[in-house]
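Below is a short briefing on one protein chain, meant to be read with the sequence and the structure in view.

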Amino acid sequence: METKETLELIRLAKLGDIEARNELIEKNINLVHKINRMYGSSEDGFQEGILAFCHAIDKFDETKNVKLSSYAFHWIRQKIKRYREREKYRLPAHVIEKMSKEERKIRIDFEYRDFKSEDETTIEEESSICLKSTLEQYIKLACDEKEALILKKIYFEGYQQQEIAKEMGVCRQRVNTIVKKSLQKLRRMFYENHYHTARKR
């Protein structure tokens, strides 16, 4: 049974309170590290685990007699495991760039839907919405308006950099520079919030 304090944080996190969500992450960050170590302890695996934990927060049912950490364990393990499996077959960047917009959308949808429920069946569409919502929150906090727009077009809408460059009236190299800078800012904010906090403990 969860504590009243944790249940209140979960309720606030579901309403979009990022401070409450961050506090829940920090309280359970050792769990993410523990599971990540089972699959090689990579930084990307850690990020996948955090996203899975955020998903568990959004799906948590407080009427069930279970702790959040116990409920989240399955989601984190499945997400990191499937990430490691995908890495074996990841397409090179130059191949992805040549894919059509529809092909890229299919690829993105597939990656967002890779969670499995406890009976190993795929979960409903709302799971991808939960993950996208969490990512959008971090993009909004870490990036300026132009950077956020470009990242959303590429990673949520399946645009290619060349298409965005044409819309903006700039060269593709300029878009690529903005993307790299934006991802660096996003990664830095992510680790300042979670990874370094865990290392101090």
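**Contacts and overall make-up**

Among contacts in the chain (heavy atoms within 4.5 Å) between residues at least 6 apart in sequence, 67% join residues at least 24 apart. This is a predicted model, in which local features need pLDDT of at least 70 and side-chain atom pairs count only at pLDDT 80 or more, while totals for chains, interfaces and linings use all residues. Residues are numbered from 1 along each chain as its sequence is written, and side-chain values use heavy atoms, with hydrogens and water left out.

Secondary structure
- The chain has 11 helices and zero strands, where helices (H or I, at least four residues) and strands (E, at least two) are DSSP runs numbered from the N terminus.

Burial and surface
- Of the 201 residues of the chain, 45% count as buried, that is, under 20% relative accessible area with a 1.4 Å probe, protein chains only.
- The chain exposes about 11600 Å², of which carbon and sulfur atoms supply 50%, by the Shrake-Rupley method with a 1.4 Å probe.

Aromatic rings
- The structure holds two aromatic pairs, a pair being rings of Phe, Tyr and Trp (its six-membered ring) with centres within 6.5 Å.
- F60 and Y71 form an edge-to-face pair (planes over 60 degrees apart), at 5.9 Å centre to centre and with 75° between the planes.
- This pair links F60, in the loop between α4 (43–59) and α5 (68–87), to Y71 in helix α5, 11 residues apart.
- Both F60 and Y71 are buried, and together with W75 they form one aromatic cluster.

Terms used
Buried means under 20% relative accessible area, exposed over 50%, partly exposed in between (1.4 Å probe, protein chains only). Rings of Phe, Tyr and Trp (its six-membered ring) pair if their centres lie within 6.5 Å; planes under 30 degrees apart count as stacked, over 60 as edge-to-face and the rest as tilted.
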